[in-house]
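Please look through the structure shown below alongside its sequence.

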Amino acid sequence: MSKETVVYRAAGVFDGVNGQMVRGAVLVVRGGVVEAVGREAEVAPPGARVNDLVGYLVPGFVDAHTHVTIRPGEGRQHWQLVQPPAWQAIRGVANVERMLRSGVTTARIMTEDHGIDYQFRDAIARGEIAGPRLLVAGLGMSPPGGHGSASGGVAGVGPLREGVRKRVADGADHIKIFTTGGVSSSGTSLMQSNYSAEEIDAIVDEARSLGRVVSAHAHGGAGVTLAVQNGIHSIEHGALLSDENVAEMAAAGTWLTLTHSILCHPDGIERGDAGDASIIAKVMEARAAVSQGAHRLREAGIRVAVGTDSMHGYISFEAEWLVEHGWTAAEALLALTRNGGELIGDPTVGVLRPGARADFVELDGDPLADIASLAAPRRVYREGVLAAERDGSVRAFQSREPAA
């Protein structure tokens, strides 16, 4: 990767640090890393190449909960996950490209079968296909017959510890478990816990010993309570959180990853599973609950990141939903950027400050004035490389830290 210093002029820069858009600022990048943000006369080194951009620059978005191969609008998500690997891989290429064009430069993959997420992570890092940087979990763990167990379930302290060890040995960046049922599966509860306290504790303990955190798919009730009490890093979805659940999460400092496009956008589960009355009933129940409970999350100070849950290209909807439900535009943008970096434990992601990865998005308008400006990025850069443009073009390149 070139070590050339480039100064990007823009209408304004939102660095993800102070929550403000600094108009007239420039972004200085060298070797894929941010060197400075500020007034050109103060931070631009002599002789640096200047790239005049016309829009507003924001950090690359972090999709904190998604999948490579699923498309919710086509329905039967669990069926999709167990289809032949070649079929899934072909679809996955288009999906990760769509993520990238929407401004997502880092994505946390929350379950895949056949080792597909490992292969996509490494192929993107090697420059074989275009897409965001991926952090992967391998196959999520759910008990037999539970939501997320289409490829086989696992239960019991011993098998669960072994499952964690296997995933880490395979190369998992984090561990994903299912502690409640899901909206997109019939016959599963959104409130009851799939695992006992002892089982969750064993998973978290084993993961921690191997330097990994654990995230739990959970909507509410005991599935959230037991997860939080036993050290889960983040609750995924949380559509039916009770006052007690929110208080427990606030006290423990547990992250919440909100995924509203799959639930609330008409192109999500509503379209894909329109023919299954039991699933649509869950969708409507969950929609009402998240809208009514949004204020509690802000009031309790719950740390929030966002994910599309496979609604590839819909990351802007997540920010728009937050603004519609009481978050400021700056808070919503931080949820897409800095908060995502903090959730994954990487201080170089989701911010534009010295030493951070030069992942950034150029927008036509100021998103702090109109959050809808996030919906159509003009250009997307990863590590200082132009990776996607509005015309649909994408570029694959070898990362500074290529996978083995």
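Are α3 and α4 parallel, perpendicular or oblique to each other? The model is a predicted one, and in it helix α3, residues 85-101, packs against helix α4, residues 116-126, at an angle of about 45°. The axes of α3 and α4 lie 11 Å apart. Angles under 35 degrees count as roughly parallel and 65 to 115 as roughly perpendicular; α3 and α4 are therefore oblique to each other. The crossing of α3 over α4 is right-handed. On the α3 side the contact is made by P85, Q88, A89, G92, V93 and V96, and on the α4 side by I116, F120 and I124. Of the residues in this contact of α3 with α4, seven are nonpolar, two are polar and none is charged.

Helix α12 (residues 315-324) and helix α13 (residues 329-336) have axes that come within 9 Å and cross at roughly 145°. Here, too, α12 passes α13 in a right-handed crossing. I315, A319, L322 and V323 of α12 meet A329, A332, A335 and L336 of α13. The residues of the contact of α12 with α13 comprise eight nonpolar ones, with no polar and no charged residue.

Next come the strands. Strands of a sheet pair through backbone hydrogen bonds, either parallel or antiparallel. Strand β16, residues 360-363, has partners in β7 and β17. Strand β7 (residues 56-59) runs antiparallel to β16, and four bridges join the two. Within that pairing, V58 has V361 of β16 as its bridge partner. Strand β17 (residues 379-382) is also antiparallel to β16, over three bridges, and V380 in β17 stands opposite V361. Are the residues of β16 buried or exposed? Both faces of β16 are covered: F360 and E362 are buried on one side, and V361 and L363 are buried on the other.

Elsewhere, four strands form an open sheet in the order β5-β4-β1-β6, with mixed pairing. Strands β5 (33-38) and β6 (49-52) are at the edges and have a single partner strand each, so one side of each has no neighbour in the sheet. On average, neighbouring strands of this sheet are turned by 25° against each other, direction ignored. V28 stands opposite A36 in β5.

The last stop is helix α7, residues 222-229, where G223, V224, T225, A227 and V228 are buried. Which elements cover the buried residues of α7? They include the helices α6 (197-209) and α8 (243-252) and the strands β12 (214-218) and β13 (234-237). Just after α7, G231 takes a positive phi of about 90°.

Apart from neighbours within four places in sequence, T225 is in contact with N245 and E248. The C-alpha atom of T225 is separated by 23 Å from that of G340, which is 115 residues away along the chain.

Conventions: Residues numbered from 1 in each chain as written. Predicted model: local features only at pLDDT ≥ 70, side-chain atom pairs only at ≥ 80, totals over all residues. Heavy atoms only, no water. Axes fitted to C-alpha atoms, helices over the stretch in contact; angles between N-to-C directions. Parallel < 35°, antiparallel > 145°, perpendicular 65-115°, else oblique. Left-handed = near helix turned anticlockwise from the far one by under 90°. Contact = heavy atoms within 4.5 Å. Nonpolar A, V, L, I, M, F, W, Y, C, P; charged D, E, K, R; others polar. Buried < 20%, exposed > 50% of the residue type's maximum accessible area, 1.4 Å probe, protein only. Pairing = 2+ DSSP bridges.
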